[in-house]
Amino acid sequence: MGTLTILALSWQHILIVAILLVLLFGGKKIPELMRGMGSGIKEFKDAVKEDDKTTSENKNSTTDNNSASN
């Protein structure tokens, strides 16, 4: 019954997945994959922040235009 909250996997399942990753990619390739995944996540977050910023700027300019016309 001792499960982790991440996808409700037990430590045995996580160990099997880790062993399979090492067998498939090798010990040297895994850090490169994690670096690539981390930079991809960072780029995604930056893009979301930029999109939110432009969306809020557009809302502010629309609100300003509506106020000026009243």
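These legends walk through several views of one predicted model.

**About the model.** Residues are numbered from 1 along each chain as its sequence is written. Because this is a predicted model, local features need pLDDT of at least 70 and side-chain atom pairs count only at pLDDT 80 or more, while totals for chains, interfaces and linings use all residues; side-chain values use heavy atoms, with hydrogens and water left out.

View 1. Helices (H or I, at least four residues) and strands (E, at least two) are DSSP runs, numbered from the N terminus. The chain's accessible surface is about 6400 Å², and carbon and sulfur atoms hold 64% of that area; the areas come from the Shrake-Rupley method with a 1.4 Å probe, and for residues only the protein chains shown count as cover. Of the 70 residues, 1% are buried (buried means under 20% relative accessible area, exposed over 50%, partly exposed in between, with a 1.4 Å probe and protein chains only).

**View 2. Ser10 sits in the segment before helix 1 (11-25).** With a relative accessible area of 11%, Ser10 is buried. Its side chain makes a polar contact with the side chain of His13, at 2.9 Å (a pair of N or O atoms within 3.5 Å; within protein, one must be able to donate a hydrogen and the other to accept it, and residues adjacent in sequence count only if both atoms are side-chain atoms).

**View 3. Lys29 and Glu32 form a salt bridge.** Their closest N and O atoms are 3.6 Å apart, and the term asks for a side-chain nitrogen of Lys or Arg within 4 Å of a carboxyl oxygen of Asp or Glu. The count by this rule is 1 salt bridge. Both partners belong to helix 2, 3 residues apart, or about one turn of the helix. Lys29 is partly exposed at 39%, and Glu32 is partly exposed at 43%.

**View 4. Asp52 lies in helix 2 (residues 29-69).** Here Asp52 is partly exposed, with a relative accessible area of 47%.
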